[in-house]
Amino acid sequence: MTTTSESTPSAPTSRLRRAPVERSHERVHFKDSLPFYLVNLSPILIVVTGISWQSVALLMITFWGRMFFITAGYHRYFSHKSFKLARVPQFLFAFGATSSAQKGPLWWAQHHRDHHRYSDTDLDVHSPQRGFWWSHVGWILVDSHAHTDFDKISDFAKYPELRWINKYDWVAPWSLAIACWLIGSWEGLVVGFFLSTVLLWHSTFFINSLAHVFGRRRYATEDTSRNSALLAVLTMGEGWHNNHHYYPASARQGFFWWEWDPTFYVLKGLSWVGIVKDLKAPPAHVKAASRVRDGNFDIGMFRVHWNKARLAVNAAGTNVAHALVERKDSAVEAFGETREAIHDRRTEVQAGIEARREALEGFVYSTLETAEELAQLSRRGQRDLARES
Ligand SMILES: [Zn+2]
Ligand SMILES: [Zn+2]
């Protein structure tokens with residue numbers, strides 16, 4: 001077998017080539033996650049409190065109101081800075097979003113920025129490549145993602161009021177829960193707060209778990225993001241996730257008039273009264289370029305398929321190698337060699353397997369990096385062409 005190590009570039013050129021992340025410590029602890037499970041079960045109390053039109057109206061307000069603050073505040077503002085806010089509305093957006101009980105603004109935005117930085121690699125905090133359950137809720141319930149790395153969100157961590165709300169992230173949800181109880185008694189609390197919160201959680205989590213799995217790809221991006229009208233309806237416009245990964249700086253995620261994006265419509269309204277400023281949008285030439293249907297190389301999907309194939313080949317190769325080692329051992333035993341000699345030979349064979357596996361990995365990575373460079377060149381070319389025309 002020829003070695004391919006000469007053709008492997010010496011320095012890592014892309015995010016593809018990283019040491020595997022040690023994940024064995026990332027276990028969901030049932031006891032620590034108990035409050036999360038209990039809140040998920042709490043809507044059952046409706047059988048005791050009953051449900052009326054008034055409490056459903058309250059639910060509509062707390063669901064869509066908080067959905068707006070999550071998508072406009074946590075996502076489009078704190079994570080992507082796609083528009084500008086003065087300091088007081090900035091705090092109000094943070095407070096409104098924190099009332100959804102999805103931890104603090106700095107925690108949320110810092111982890112979301114990491115998702116964009118490492119989409120679909122094993123550093124992606126909620127990669128759907130690790131399965132539906134993990135990307136939907138599992139990643140939130142492990143200790144390793146519980147803290148906020150302020151260095152990664154220093155642009156907002158410099159505000160003491162945001163640090164405060166990030167630390168005391170229970171204040172806003174508790175305030176809302178008490179308000180719901182004052183408005184509608186126990187029924188108001190169960191329907192207007194708990195049921196609304198559970199529906200809001202899972203609608204938001206669907207973006208992490210389904211928006212890279214379910215829907216269509218318009219743009220060739222380096223990840224597996226997709227556009228889904230269904231998810232857009234459920235999340236006030238967040239379902240245009242492939243548009244969003246393609247141009248994350250845009251305050252508008254539905255790039256065309258037919259792409260339902262009510263978060264943007266509200267932001268537009270707020271810009272008319274001067275609360276929101278500098279709403280960013282993709283230029284026409286950017287919207288026209290990098291279409292998958294125009295033949296742009298879809299590196300995001302290619303990489304996922306290749307990785308799956310590579311893992312399958314590796315697993316098959318290791319099985320064959322183990323079988324060979326076993327056969328060799330029995331032959332050696334027949335000739336009366338010592339245990340040490342058998343052990344040495346086994347180590348030798350395994351080292352040979354490991355070296356070949358590494359050579360194969362190096363070859364795959366360098367090919368992927370070249371493919372990614374080609375994809376970038378092709379996208380840039382398409383974009384330049386669209387700008388000129
Ligand atoms: Zn985003
Ligand atoms: Zn994504």
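**Exercise 1.** Is the crossing of α3 and α5 left-handed or right-handed? Describe how these two helices are arranged in this predicted model.

*Solution.*
Step 1. Locate the helices: α3 covers residues 53–79 and α5 covers residues 105–118.
Step 2. Two packed helices are described by the angle between their axes and the distance between the axes. For α3 and α5 the angle is about 60° and the axes are 9 Å apart.
Step 3. Classify the angle. Roughly perpendicular begins at 65 degrees and roughly parallel ends under 35 degrees, so α3 and α5 are oblique to each other.
Step 4. Assign the hand: the crossing of α3 and α5 is right-handed.

**Exercise 2.** Which residues make the contact of α3 with α5, and how do they divide by class?

*Solution.*
Step 1. From α3, the contact uses Y74, H75, F78 and S79.
Step 2. From α5, it uses P105, W108, A109, H112 and R113.
Step 3. Sort by class: five residues are nonpolar, three are polar and one is charged.

**Exercise 3.** Summarise the fold content of the protein chain and the confidence of the model.

*Solution.*
Step 1. Count the elements: the chain has 15 helices and two strands.
Step 2. State the burial: of the 389 residues, 33% are buried.
Step 3. Consider contacts with a separation of 6 or more; residues 24 or more positions apart account for 71% of them.
Step 4. Check the confidence: the average pLDDT is 85, and 88% of the residues score at least 70. Over residues 1–13 the pLDDT is below 50, and this stretch has 16 contacts in the model beyond near neighbours in sequence.

Terms used. Residues numbered from 1 in each chain as written. Chains lettered and ligands numbered in written order. Predicted model: local features only at pLDDT ≥ 70, side-chain atom pairs only at ≥ 80, totals over all residues. Helix = DSSP H or I, 4+ residues; strand = E, 2+ residues; numbered from the N terminus. Buried ≥ 20, exposed ≤ 12 C-beta atoms within 10 Å, placed from the backbone. Contact = placed C-beta atoms within 7 Å. pLDDT = per-residue confidence, 0-100. Axes fitted to C-alpha atoms, helices over the stretch in contact; angles between N-to-C directions. Parallel < 35°, antiparallel > 145°, perpendicular 65-115°, else oblique. Left-handed = near helix turned anticlockwise from the far one by under 90°. Nonpolar A, V, L, I, M, F, W, Y, C, P; charged D, E, K, R; others polar.
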